[in-house]
Amino acid sequence: MSNPSAPQIQLSKARQNLIIFALSIGAFAIGVSEFSSMGLLLEISRGLGVSESQVGVSISIYALGVVVGAPLLAIFGAGLKRKNLLLALAFMYALANIASALAPTYGTMLIARFFSGLPHGAYFGIASLVAASISPPSQKGMAVTKVMLGLAVAILVGNPLAVWLGQQFTWRLAFALVGVLAFITLLMVNKSLPLDHQEKKSSPMEELAAFNRLQIWLVLLIGVFGFTGMFTVFSYMAPVLVNVTKVSESYMPWLVVAFGIGSIIGMLSGGKIADAMKFKGACLLIVWSIFVLAMIPFISGSLPGIVIAAVAVGTMMALPVTLQTHLMEIAGDAQVLSAAAIQAALNTANALGPWLGGMAIDHGLGYNVFGTIGAATSVIGLLIWVISVKLAKEKPLNPKDAEI
């Protein structure tokens, strides 16, 4: 079994940081694309002449693209060098987001958003593997965190800017900005990341064979149900702001900032928790998520309350770091496919969350049930974690697995 935590490329610390920074720019671009559409939900709705729930569908369609693209691109790209695969994924992401910016109708928007989602998961998966491969074994959790921080900074800085620009001019600017950032990522990765000529080659069949393990699938299910609540709440935060908190949608950029602050706190904490507590940390973070989501209906009626809620929901971004790191330990020879698959799982949550929220709206349940729905899905994630740990102790993949 390969050890993904051992550095495969010997580089200076400065070069390592430059590579991780380049990878984080790509994560920043993905964050702007994924989350700004939620903050601009009302603007997109008016611009395309469709309902709020239909824009929610476009968010789910993007996530569906991630779910489909992550495993497929990982499988078909398994024989490529990781650098070359990253460059191809960044190029695809740039083109698809420019297409989103230019989409003339709701139908073409859905198509563009689907294709935008295709390279998302594979990019994050491969970027995480590269970051781990150039970092010391004891710091791989933080290496993954540094890449993911690009996503959090996008939420904190990029998305409020994109939402503001969308409100002042047009929502199309957000996706155009993403296209430019993706091209910058391509250039920076090409310049800073050397080809690893000792990198172990894999084949689609080898990846699929190693991927067929119950523990891997259980971790993916934890990602789906443990993360659905965050997307259920954040996707419809703008309508909640208007209909529950009873304030102007002009406050939405500030809520996105609050969410971004929480995301940075969560990701930094997630990296430390992953390195210190391993898979046990996922349990702690799911319990925290249940608490956060359950309290939202009680505090979203006031502006201070919904700001606190936005920060708290952002801290749930710690969970993906612990799951991604754990998968690197148990994936064996399915490193590429597993790294991409966790992103597919998280974006299954991204698809499921808006869909559940849209169902609640369409059935007249109101705008104050999203937290309750999210807490229920997180409870399911916690139960799957318990099952995973129990099975790992009974039938460990290796002696260390029994110590989870």
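Me: What makes a residue or atom pair count here, and how are residues numbered?
Reply: Numbering starts from 1 along each chain as its sequence is written, and side-chain values use heavy atoms, with hydrogens and water left out. In this predicted model, local features need pLDDT of at least 70 and side-chain atom pairs count only at pLDDT 80 or more, while totals for chains, interfaces and linings use all residues.

Me: Why is Thr-232 called buried?
Reply: Buried means under 20% relative accessible area, exposed means over 50%, and partly exposed is in between, with a 1.4 Å probe and protein chains only. Thr-232 has 0% relative accessibility, so it counts as buried. Its place is in helix 9 (residues 214-235); helices are DSSP runs of H or I with at least four residues, numbered from the N terminus.

Me: What makes the approach of Thr-232 to Thr-228 a polar contact?
Reply: A polar contact is a pair of N or O atoms within 3.5 Å; within protein, one must be able to donate a hydrogen and the other to accept it, and residues adjacent in sequence count only if both atoms are side-chain atoms. The side chain of Thr-232 reaches the backbone oxygen of Thr-228 at 2.9 Å.

Me: Which residues is Thr-232 in contact with, leaving aside its neighbours within four places in sequence?
Reply: They are Gly-353, Gly-357, Phe-370 and Ile-373, where contact means heavy atoms within 4.5 Å.

Me: Why is Thr-170 called partly exposed?
Reply: Its relative accessible area is 28%, which puts Thr-170 in the partly exposed class. You will find Thr-170 in the loop between helix 6 (140-168) and helix 7 (172-192). Its C-alpha is 8.2 Å from that of Gly-47, 123 residues away along the chain.

Me: What covers the buried residues of helix 7?
Reply: The cover includes helix 1 (13-39), helix 4 (82-102), helix 5 and helix 6. Among the buried residues of helix 7 are Phe-175, Leu-181 and Val-189.

Me: How do you know that the span of helix 7 is close to the expected one?
Reply: The expected span is 1.5 Å times one less than the number of residues. Helix 7 has 21 residues and reaches 31 Å from its first C-alpha to its last, close to the expected 30 Å. Helix 13 (residues 303-314) can be judged in that way too: its 12 residues reach 17 Å, close to the expected 16 Å.

Me: Why is Thr-245 called buried?
Reply: With a relative accessible area of 6%, Thr-245 is buried. Thr-245 is in the loop between helix 10 and helix 11, and a polar atom of its side chain lies 2.8 Å from the backbone oxygen of Ser-300. Leaving aside neighbours within four places in sequence, the contacts of Thr-245 include Gly-301, Ser-302 and Ile-306.

Me: Why is the pair Phe-114 and Phe-115 called edge-to-face?
Reply: Rings of Phe, Tyr and Trp (its six-membered ring) pair if their centres lie within 6.5 Å; planes under 30 degrees apart count as stacked, over 60 as edge-to-face and the rest as tilted. The count comes to nine aromatic pairs. For Phe-114 and Phe-115 the centres are 5.7 Å apart and the planes are at 85°, so the pair is edge-to-face. Phe-114 is partly exposed at 23% relative accessibility, and Phe-115 is partly exposed at 46%.

Me: How do you know that Arg-46 and Glu-43 meet in a salt bridge?
Reply: A salt bridge needs a side-chain nitrogen of Lys or Arg within 4 Å of a carboxyl oxygen of Asp or Glu. The N to O distance for Arg-46 and Glu-43 is 3.4 Å, and their side chains meet in a salt bridge. The count comes to one salt bridge. Arg-46 is exposed, with a relative accessible area of 55%, whereas Glu-43 is buried at 10%.

Notes: Helix = DSSP H or I, 4+ residues; strand = E, 2+ residues; numbered from the N terminus.
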